[in-house]
Amino acid sequence: MNEALIGCIGLCALLLFFLAGIELAFAMTFVGFVGFACLRSLPAAVDLLAKDFFDTFASYAFVVIPLFVLMGQIAFNSGMAEQMYKTARKFTGHVPGGLALATVAGATVFKAVSGSTLATAATFSSIAVPEMDKYGYSRKLSTGVVASVGTLGILLPPSGTLIILAMITDQSVGRLFLAGIAPGLLIAFLFFMTILVWCGISPSLAPRRPAVEWKERLRSVPHIFWPLLVFAVTVGGLLAGFFTPTEAGSVGAIAVLALTVLKRDLNFTNFVKSVGESLRLGCMVLMLVGGSTVLGHFMVISQIPSAAAGWTLNLHVHPYAVVAVMVLIYLLGGSFIDDMAFMILATPIFFPVAMKLGFDPMWFSIVIGVTMMIGVVTPPVAVAAFIVKNITRESMGVVYKGVLPFLLSLFLCLVLLFLFPGLVTYLPDLLMR
Amino acid sequence: MMGRLLSSLSYRLSGTMEICAGAALIAIMLLTGADIVGRVLGSPIPGTYEIVSFAGGLVIGLALPGTTRAKGHVFTDILLARLSGRAKYVLAVMTRFIGISIFSLAGYGMIMMGIRLQASGEVTAVLSLPFYYVAYALGGAFFVQVLILIYEAAEVKRSRHE
């Protein structure tokens, strides 16, 4: 049988297995193993299985994932986000939609120490929504903004998603972190503008609250100073070449741990909880990476990625149209499978095609990142929206209506990335040649 | 009786392994931090890279059974939710058996790899740590994972009978 045909059968089987409810990592491993055994031999496939898992699990580079997750989990369980929100609220609370603006600002700063989209959405659902309820904010605005701000975690460093993308596409983590900064801040700015315009059109959405005195505002600044210092040391050290990504993860975790212990914000129970969550999240991600590596080896010998790249080049359509179709596939795939899992599954297939089309690897990765941001708030599998719904006990319809204006901001950012690729490449090219 | 034994064994094994994985993660964090401080002071800890790589393997391998038990892996129940009781049961058992077969083979492959590494005497460059320790540990972790999946399959069968 033709090798490419076996590859296609393998991909169809993968889809069927996944729909049947088997864990995606196990399904990728199984299909990769059986496919490799069909095209080579059973002993070669057993060797491949062992070697791929050994290389993935016992890899210095991949240790960065549980370490950055640990840093974020400690920040999450210590209540650090609440202090950041309170500080931001003192500065913006009195302007129209001020508490919603404070949510965006607080989440952007919280992102400096936490890479988790869902943790951010969950945290701000419990902190910001009750506060906005107290001041008569519309639930459409409050739930929409908390569901959307979580997505900032995908682009702003230290982002778990960008670390995984860098690993599976063989790019520098530092360069990719730098590449995510401008688009991430652009999206935060677009979220700000969305809130201001929306509240300008319908002032009843967000009644104003009294301004806080400057003295009180300045007194709250240390709450954001220390986390930002941790961010500066961790990410700055990485970008300056002083730390490897794994060392940066360790330094970040130690610094956040020291900060929360000194401020008595973290007890032993929450520390143990943070370690347990980090183990499970790290294991989940690395099982996906291991499974995708086994599947990737089968795909390579079935010649599917090179056939797809050759076929795409022969289409004679504009390369941007090809990437737009890929974005659509990521969105569709992410609608049925967890967005991160689909990214790990699909990127090894699409990335070589994008490279053959001449795109910058950082630009393509950030485009995938923004697509994932859209995916986590788009139905039917809108995980961030589900979390907000569950915590705030609001109807899904209201959350989705609230997310819609922010979704437009994300699409606008995607269009801007296509029009101005320099938004992604300028900073890394300037600082890390 | 057998089910209870399987439940207790898998629970205790995965729990103990998770504690070891957590300890390894904290050790990695502290060792890397100490190495950086040592580097600044002009005396880095030799072999940090090797220890962190090996301990990283242990962190993920030892956390695997606990993550599976806690249903921590990505899966979807789109099709499963729409099926009748019997079809759901068949599919659930089938998916567990796919998991059992793949991790049995991975465990076997890892032990074989460990035997080859032990026979060749392959060690790391700085500390001369033997690679086969990690291969055996991962192989063992995969077999505990198989035990968890057998327990899950037995649970599916038990809940069907009830």
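Let me start with a term. When I say patch, I mean residues with over 30% relative accessible area and no salt bridge, and for a nonpolar patch the side chains are joined within 5 Å. Keep in mind that this is a predicted model.

So which residues make the nonpolar surface patch? They are A:W214, A:L218, A:V221, A:F225, A:W226, A:L229 and A:V233. Together they cover about 680 Å². Now look at the helices behind the patch. Helix α11, residues 214-219 of chain A, supplies at least two of its residues, and so does α12, residues 222-239 of chain A. The largest share comes from α12(A), with four residues.

You'll find A:V233 in helix α12 of chain A.

For contrast, go to A:T260. This residue sits in helix α13, residues 245-262 of chain A. A:T260 counts as buried because its relative accessibility is 1%. The cut-off for buried is under 20%. What is A:T260 in contact with, leaving aside its neighbours within four places in sequence? The list is A:I74, A:S78, A:M80, A:D265 and A:L266.

Next, the interface. How many residues does each chain bring to the contact? Chain B brings 57 and chain A brings 50. The area buried between the two chains is about 4,600 Å². Carbon and sulfur atoms give 82% of that area.

Between chain B and chain A, the count is four salt bridges. Here is a salt bridge to find on screen: B:R96 with A:E23. The closest N and O atoms of that pair are 2.8 Å apart.

Last, confidence. For the complex, the predictor gives an ipTM of 0.94 and a pTM of 0.85. Chain B has an average pLDDT of 91, and 98% of its residues score at least 70. Which element of chain B has the lowest mean pLDDT? That is helix α4, residues 132-161 of chain B, at 90. The highest is helix α2, residues 48-69 of chain B, at 95.

Methods. Residues are numbered from 1 along each chain as its sequence is written. Chains are lettered from A and ligands numbered from 1 in the order in which they are written. This is a predicted model: local features need pLDDT of at least 70, side-chain atom pairs count only at pLDDT 80 or more; totals for chains, interfaces and linings use all residues. Side-chain values use heavy atoms; hydrogens and water are left out. pLDDT is the predictor's confidence in each residue, from 0 to 100. Patches are made of residues with over 30% relative accessible area and no salt bridge: like charges are joined within 9 Å, nonpolar side chains (Val, Leu, Ile, Met, Phe, Trp, Tyr) within 5 Å. Accessible areas come from the Shrake-Rupley method with a 1.4 Å probe; for residues, only the protein chains shown count as cover. A salt bridge is a side-chain nitrogen of Lys or Arg within 4 Å of a carboxyl oxygen of Asp or Glu. Contact means heavy atoms within 4.5 Å. Buried area is the accessible area (1.4 Å probe) that two parts lose on being put together, summed over both. Buried means under 20% relative accessible area, exposed over 50%, partly exposed in between (1.4 Å probe, protein chains only).
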